[in-house]
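Colleague: Before I use this model, I would like to go through some of the labels attached to it and hear what each one rests on.

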Amino acid sequence: MGKPNRKGEVWVFAEQQDGILHDVSLELCGKARELADRLGVSVGAVLPGHKLGDLPQTLISHGVDNVYVVDDPALAQFTTNPYARVLNAMIDKYDPQIVLYGATPLGRDLAPRVASKVRAGMTADCTDLDISDVNDPRTKETHENLLLQIRPAFGGNIIATIVNYDRWPQMATVREGVMPLQAPDVFRKGNVISETVPGLDALAEVVKVLERHVQEKKVNLKGARIIVAGGGGVGSKENFEQIRELAGALGGVVGASRAAVDSGFIGKEYQIGQTGTTVRPALYIAVGISGAVQHRAGMEESAKIIAINNDPDAPIFSIANYGIVGDLNQIVPLLTKAVRARRREAV
């Protein structure tokens, strides 16, 4: 049983590919900074890879105090075994109390392997993290400063808070986009610590990457400032063209709920929600979306939300800044026409 390390750092696994840090790793740096400040400890980041350039300083500028760099040709491309060896070796050496990973395909592959090796618990797909004292119902003992790992459960119908009473480090993967990306401080100072881990070459031979095929995303939902999303209430693939026209008039992008995707109205790459992309646009227009908790988990942090639905009791109205009750087939074309007219006037 792992003993609680009250002075151990809060760590982030710094995911990178081809010398580019994943956004979720930088988002986690800000959250790790918040958690570490409450615990009175430092923030660390483990950065495996090869020819990593100025990535350590990028991590420092986003709140990291100590960057543990393992630069090795065997780590040039991600394979599970060498990367897991690196994380396990660093955990054994430095004994962090919390380790956070992005809930990306790579993070979801790596985190359980590392947790299994160090015999720690791990909560997947968290949407929030916090620190609190917790009473253990088994022993009636109060545990100080545990990591609260918050995530949707039972198909997204409830939000569960998961705690780990007696295994360290405490580990979690965190969904992309749920933590705000903090502005970097380019003048911030930190430590870059170079580490070596033996045996990576042999592990890299166990599973080898023969070819990589990189497919560009059709839509950048995470980077969009305006999103017009359609749900099952849109009714058909043909009706979804109204969503595209409004998005085009506003200079935004198209999104969708799972119901719209499952109905075949639009491709899965447009899906927003618990099982899709998490977004934080300046404006989110939800058209024909009821507002199930699974969808709200992916968009409720939008700066402004406009909901259009013919059901006045639809849950989406509970989080909307503005709501329009009515037939979307009448309302959306009128909105599109009004936006285009306003833009013509502005020219």
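**Labels and their grounds**

Modeller: Asp-18 is exposed, at a relative accessible area of 54%. The model is a predicted one.

Colleague: What makes Asp-18 exposed rather than partly exposed?

Modeller: Exposed begins over 50%, and Asp-18 has 54%, so Asp-18 is called exposed. Asp-18 sits in the loop between strand 2 (16-17) and strand 3 (20-21). Phi of Asp-18 is near 55 degrees, which is positive in a residue other than glycine.

Colleague: Which class does Asp-95 fall into by its relative accessibility, and why?

Modeller: The middle class runs between 20% and 50%. Asp-95 has 38% relative accessibility and therefore counts as partly exposed. Asp-95 lies in the loop between helix 3 and strand 6, just after helix 3. Although Asp-95 is not a glycine, its phi is positive, about 55 degrees.

Colleague: Why is Ala-224 called buried?

Modeller: Buried means under 20%; Ala-224 has 12% relative accessibility, so Ala-224 qualifies. The place of Ala-224 is the loop between helix 5 (200-206) and strand 13 (226-230).

Colleague: Which residues does Ala-224 touch, leaving out those up to four places away in sequence?

Modeller: Ala-224 touches Val-253 and Pro-281; contact here means heavy atoms within 4.5 Å. As for Ile-285, 61 residues away along the chain, its C-alpha atom is 12 Å from that of Ala-224.

Colleague: How do you know that the length of helix 3 is close to what is expected?

Modeller: The expected span is 1.5 Å times one less than the number of residues. Helix 3 (residues 80-94) has 15 residues, for which 21 Å is expected, and the distance from its first C-alpha to its last is 21 Å. The buried residues of helix 3 include Tyr-83, Val-86, Leu-87, Met-90 and Ile-91.

Colleague: What makes strand 1 covered on both faces?

Modeller: In a regular strand, side chains alternate between the two faces of the sheet. In strand 1 (residues 10-13), Val-10 and Val-12 are on one side, Trp-11 and Phe-13 are on the other, and all of them are buried.

Colleague: How do you know that strand 1 pairs with strand 6 and with strand 4?

Modeller: Pairing takes at least two bridges. Strand 1 has three bridges to strand 6 (residues 98-102), in the parallel sense, and four to strand 4 (residues 43-49), also parallel; by the cut-off of at least two bridges, both therefore count as pairs. Ile-98 in strand 6 is the bridge partner of Val-10, while Gly-44 in strand 4 stands opposite Trp-11.

Colleague: What lines the second largest pocket, and how much space lies in it?

Modeller: The space is about 340 Å³. The lining has 24 residues, with Thr-127, Asp-128, Val-178, Glu-300 and Glu-301 nearest the centre. Helix 1 gives the largest share, four residues; helix 1 (23-39), strand 9 (142-153) and helix 8 (293-296) each supply at least two.

Colleague: How many residues of that lining are nonpolar, polar and charged?

Modeller: The lining divides into 10 nonpolar, six polar and eight charged residues. Asp and Glu count as charged, so Asp-128, Glu-300 and Glu-301, among those nearest the centre, belong to the charged group.

Conventions:
Residues are numbered from 1 along each chain as its sequence is written. This is a predicted model: local features need pLDDT of at least 70, side-chain atom pairs count only at pLDDT 80 or more; totals for chains, interfaces and linings use all residues. Side-chain values use heavy atoms; hydrogens and water are left out. Buried means under 20% relative accessible area, exposed over 50%, partly exposed in between (1.4 Å probe, protein chains only). On a 1 Å grid over the protein atoms alone, a cavity is a set of points where a 1.4 Å probe fits but cannot get out, and a pocket is an open set with protein on both sides within 12 Å along at least five of seven lines; lining residues have an atom within 4 Å of a point. Grid points are joined across faces, edges and corners, and a volume is the space filled by probe spheres set on the points.
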